[in-house]
Amino acid sequence: MPLHPTNLKTRFLALDAFLLAHQHLWRPKPFTHRQLPWEAQHPELSTWLRQRSLEDAEAAHNRPEHLDAPEPFAQLARQSTALSEIDALPTHTLNAIPSRMSVDVPGRKWQQIEAFASSLSFRQTPTHWLDWCSGKGHLGRRLAHDGQALTCLEYDPALVESGRQLSDKLGMHATHLHQDVMAKTAADRVDAHHTPVALHACGDLHVRLMQLASDAHCQQLAIAPCCYNRIASDHYQALSNEGRASSLKLSLDDLGLPLSETVTAGARVRRQRDTSMARRLAFDVLQRQLRGIDDYLPTPSLPSAWLDKPFADYCRDLAELKQLPAPGPQNWPALEATGWQRLAHVRNLELLRNLFRRPLELWLILDRALYLQQRDYEVRIGTFCASHVTPRNLLILAERK
Ligand SMILES: C[S@@+](CC[C@H](N)C(=O)[O-])C[C@H]1O[C@@H](n2cnc3c(N)ncnc32)[C@H](O)[C@@H]1O
């Protein structure tokens, strides 16, 4: 089912019903529960997932819908796939640019920029690009190199300055402004003749753009959202009429679910990430004993040097940091092994939750798309690149009716 403007609402309502009906499966996080509430309901699936290895989980992480697991897994996987289906946006060939333009841009970022730029198509040719949360302004420069005007808004002064220097070096007339886009003054930066673009502006930042650009009656805009959980409020504030009418209430934790897909990391990084999580899970067993409370206790993120400490010291130091009683004598090798075993369980149990990752992301994207429709825009959505280039690969294109 391709996502045409007329069926954005139908798809949103179908996703809404799917997510609401199965909240008990995707809300609880395996990392914080020793036993998930749904496991008693689906014992066969639970046992099947729990006997698998960490490597098995890793292999299925990015494609959980292909896993041949007991019901209700397969049925949910089919629904998830159908509801998440979305076409790639049509692309056009970009004009060649001097290679020095991409020299300072990391490889994957440049691929994202090229893909984003080649997916833009508007009835009216843009005359003035507004790169929203631009970083150094690489995207804006790629778009404006044909001679259109370019304004870049960014609040990190070092990035503003680097962006300015890069534009000067390339002989481009770009304006790099130091601007907090959440400040009141940001409204003065958005003008009807601008074509705003935002590549991976986090949560509130791209929502702010949709509000200001529609208030300013910008003719067109393009947004590839990310970090849905970077918002000032503690719950998601739905934007569209349908979103506001929904009884789906999303916490910051829930909003992190779409972001949990990882781009394949190198073996060293993976090992470090796994060790850190296995240690945390082992410490979780210990802290439940020390406190005499069978509940998860959040721990702060720790410098990577903590992973070089012997495991027993790691636990003692973390207990002290959390002001818990000293652990006393323990069977440390057994506790450490328990952490690794729990990690395998967590990663495999997460595969069920991961079936809801893309449906939830699409729900959030459609809430934005419907909001723009309700503010008089024609909206198209689709992917602008493959997920290995970036898992945040959905693009919203909006043109004023
Ligand atoms: C994920 S980066 C994306 C940068 C760029 N669009 C890209 O794709 O490379 C988000 C950018 O938003 C900037 N940013 C964060 N909060 C901001 C704010 N309140 N106002 C303006 N820029 C902000 C950050 O400094 C960062 O450069």
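Helices here are DSSP runs of H or I with at least four residues, strands are runs of E with at least two, and both are numbered from the N terminus. With that settled, I can start with the loop between helix H4 (54-60) and H5, which is where Pro 72 is found. The peptide bond that leads from Glu 71 into Pro 72 is cis, with omega near 10 degrees. As background, most peptide bonds are trans, and most residues other than glycine have a negative phi.

Before I go on, please keep in mind that this is a predicted model, in which local features need pLDDT of at least 70 and side-chain atom pairs count only at pLDDT 80 or more, while totals for chains, interfaces and linings use all residues. Residues are numbered from 1 along each chain as its sequence is written, and side-chain values use heavy atoms, with hydrogens and water left out.

Staying with the backbone, Gln 323, in the loop between H13 and H14, has a positive phi of about 55 degrees although it is not a glycine. Asp 376, in the loop between H15 and strand S6 (377-383), is not a glycine either and has a positive phi of about 75 degrees. For accessibility, buried means under 20% relative accessible area, exposed means over 50%, and partly exposed is in between, with a 1.4 Å probe and protein chains only. Gln 323 therefore counts as exposed, at 74% relative accessibility, whereas Asp 376, with a relative accessible area of 42%, is partly exposed.

Let me turn to helix packing. Two packed helices are described by the angle between their axes and the distance between the axes. Helix H5 (residues 73-84) and helix H15 (residues 357-374) have axes that come within 9 Å and cross at roughly 30 degrees, where axes are lines fitted to C-alpha atoms, for helices over the stretch in contact, and angles run from 0 to 180 degrees between N-to-C directions. H5 and H15 are therefore roughly parallel to each other, a label given to angles under 35 degrees, with over 145 counting as roughly antiparallel, 65 to 115 as roughly perpendicular and the rest as oblique. On the H5 side the contact is made by Ser 80, Leu 83 and Ser 84, and on the H15 side by Arg 358, Pro 359 and Leu 362, contact meaning heavy atoms within 4.5 Å.

Now the aromatic side chains. Rings of Phe, Tyr and Trp (its six-membered ring) pair if their centres lie within 6.5 Å, and planes under 30 degrees apart count as stacked, over 60 as edge-to-face and the rest as tilted. By this rule there are 7 aromatic pairs. Trp 306 and Tyr 314 have ring centres 5.9 Å apart and planes at 85 degrees, so they form an edge-to-face pair, and both Trp 306 and Tyr 314 are buried. Why is the pair of Phe 311 and Trp 332 edge-to-face? The ring centres of Phe 311 and Trp 332 are 6.0 Å apart, and the pair is edge-to-face because the planes stand at 80 degrees. Since Phe 311 lies in helix H13 (residues 311-321) and Trp 332 in helix H14 (residues 332-354), the pair ties together parts that are 21 residues apart in sequence. Phe 311 and Trp 332 are both buried. Elsewhere, ring pairs link Phe 12, Tyr 236 and Trp 363 into a cluster.
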